Amino acid sequence: MKIYSYVCKMQILRSMTYKFNVYGNIIMQTIIMLTTSFFWKALYQNAETVQGVEIGSMLTYTVISSCISVILTTNVEQRITRSVEKGTIAVDLMRPVNIFAVFFAEDLGNVVALLFQNLLPIIFIGCIFIQVPLLASGASVLMFLISLCLAFFINWLLAAIFGMWAFTAINMHALLQVKRHLIRLLSGSMIPLWFFPEWLRIVLEAFPFVYLYQLPLSIYIGKCDGMSLIRGITIQLVWLAVLSFIFYILQKRAARKVMIQGG
Amino acid sequence: MIEVKNICKSYNVIQKGEGFRGALKGLISRESEKVQAVKNLSFHIQPGEIVGFIGPNGAGKSTTIKMMSGILTPSSGEILINGRDIHKYRKQVVQDIGVVFGQRSQLDWDLRLGESFELLRHIYRIDKAKYEETLNIMDQILEIKPLLSKPVRQMSLGQRVKGDLVAAMLHAPSVLFLDEPTIGLDVGAKYSLRKFVKEVNEERNTTVILTTHDLGDIEQLCDRIIIINNGELIEDGNLEEIVDRIAPYKTLVVEYYDEKAPEHARCELFFHEANVAKYRFMKKDITAAALIQALSAEAQIKDVSIEEAGIDDIIRIAYGQLKE
Ligand SMILES: Nc1ncnc2c1ncn2[C@@H]1O[C@H](COP(=O)(O)OP(=O)(O)OP(=O)(O)O)[C@@H](O)[C@H]1O
Ligand SMILES: [Mg+2]
């Protein structure tokens, strides 16, 4: 355990010193926040509420969604892809550690660094240009944090399971981009599913993606409470269990299939 | 104690189609071909041995080292290190192994050398006092301390290899694998590397297995060599014994005053150009002195020298590049 907390600490320091990608994401999130908020403002021109949600809540949804995207940043797939490409995966495998625990610790360290490098600027920009996020109630914030935690683990497991493909030296760079954008689109992070046609909503609710963004977001704005909240968190727990199981089975086999490139 | 029992390793090499269509097809079905890199290899290594692992390019040396250090899983067969199967108990067994790849570093590119060591200290759970002690010993052999504050990305190849050697020894492993450690090093750096291997072996009784294409490394360090070719074991044994067995001859080089070179029944004249002739003779057939005497009776000799069959010849014979 001590090993992994040290790895995490080192990763925080490393991410703090090398600020790769950080500004790019701030700009990206600003653009997403601005365009979605214009979209909402246009839509709400002739209506007080849509589907029982006010414009203020919708703008809050937009800002918090960008914040969640920072928390749900994973590097594990990239990390595996790059290590396999360069052959440095050999170094990870010759040490007395569980490589996935190391990857998790590194991702955790990254996210902690991103809280300062990415989350703060995004909240700041969001507050100034769009809307100071409204609080539905203290209880909803607490439930939001719990749901966000679960989303973090589900998201990481999805990434790790996906990343295992890279062990057999499949070039994953393009696939990773596709996955990232697909998740943002299918998870209700920009447009919540209650604006989608009924059948599509039902289909998407069968996938884990909605429970990454839309569930914590609806909890935050107070749209999801009571029974639907309990139902949502339960589904998150079920996904967590299912993915943990798949992860556990696959990781045992994955390390055996590792390709080590280069002499 | 290392026991390698009938290990085989085949790589799946994926056939990629040409162009865009090939790439698309590759997404759906992936035809793969098996390449046998290591075939049924077995050997035992006792504690405290220094074993040279040699063979031509692509022989399967690195593959074998990677399997012995727990990085790759053999397709079949088993590897026991100090009695434990490395692939069943990888996490425990690698605690007792150090590995250095000459062409790949285990040091962290983003950190200073000292920080990289500190990370390893945590990973291998080495206590501070022990760590300082090892570092002092390593400093005496490799003069590592001045490098500690240097970022790894700014180090020269030689400095980096030194760093890697120390990194591999920090947790005081009983087995050290070195895969082409001297590649690209200058004479001075090679010298300190060999000194390092000798001292670590003598002081700590560390077992060392090294692969190299530098015969100097073998001659100066190894009591035992294992030769492999095409993934198969060809020779395994004491260096001198192998020399005596597969190349039990010497070469007499004679320079005459004129171009006529006499022959002798008990040796073979295999080279003759201008005034110089080379004779190959078996040690059991005739002594060098007798041969020189017989030759000098027939022609006037200016100079002679004797060449022993060295490791050079052994390797070429073993690799099948030189006919006996
Ligand atoms: N990742 C890989 N994928 C496919 N084939 C591989 C891979 N790594 C090695 N091979 C093949 O396995 C064989 C043995 O390679 P290996 O690297 O073990 O050779 P080596 O003895 O270390 O050679 P060298 O002296 O050149 O380092 C070679 O034929 C090589 O092409
Ligand atoms: Mg090699």
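Me: Which side chain meets that of B:D108 in a salt bridge?

Reply: This is a predicted model, in which local features need pLDDT of at least 70, side-chain atom pairs count only at pLDDT 80 or more, and totals for chains, interfaces and linings use all residues. Residues are numbered from 1 along each chain as its sequence is written, chains are lettered from A and ligands numbered from 1 in the order in which they are written, and side-chain values use heavy atoms, leaving out hydrogens and water. A salt bridge requires a side-chain nitrogen of Lys or Arg within 4 Å of a carboxyl oxygen of Asp or Glu. Across the interface of chain A and chain B the rule finds 1 salt bridge, and at 3.1 Å, N to O, the partner of B:D108 is A:R14.

Me: How much area do chain A and chain B bury between them?

Reply: Buried area is the accessible area (1.4 Å probe) that two parts lose on being put together, summed over both. Of the area buried between chain A and chain B, 59% is on carbon and sulfur atoms. The total is about 2700 Å².

Me: Which three residues supply more than any other three of the area that chain A buries against chain B?

Reply: On the chain A side, 26 residues are in contact (heavy atoms within 4.5 Å) with 32 residues of chain B. A share of 26% of the area that chain A buries against chain B comes from A:M94, A:R95 and A:P96.
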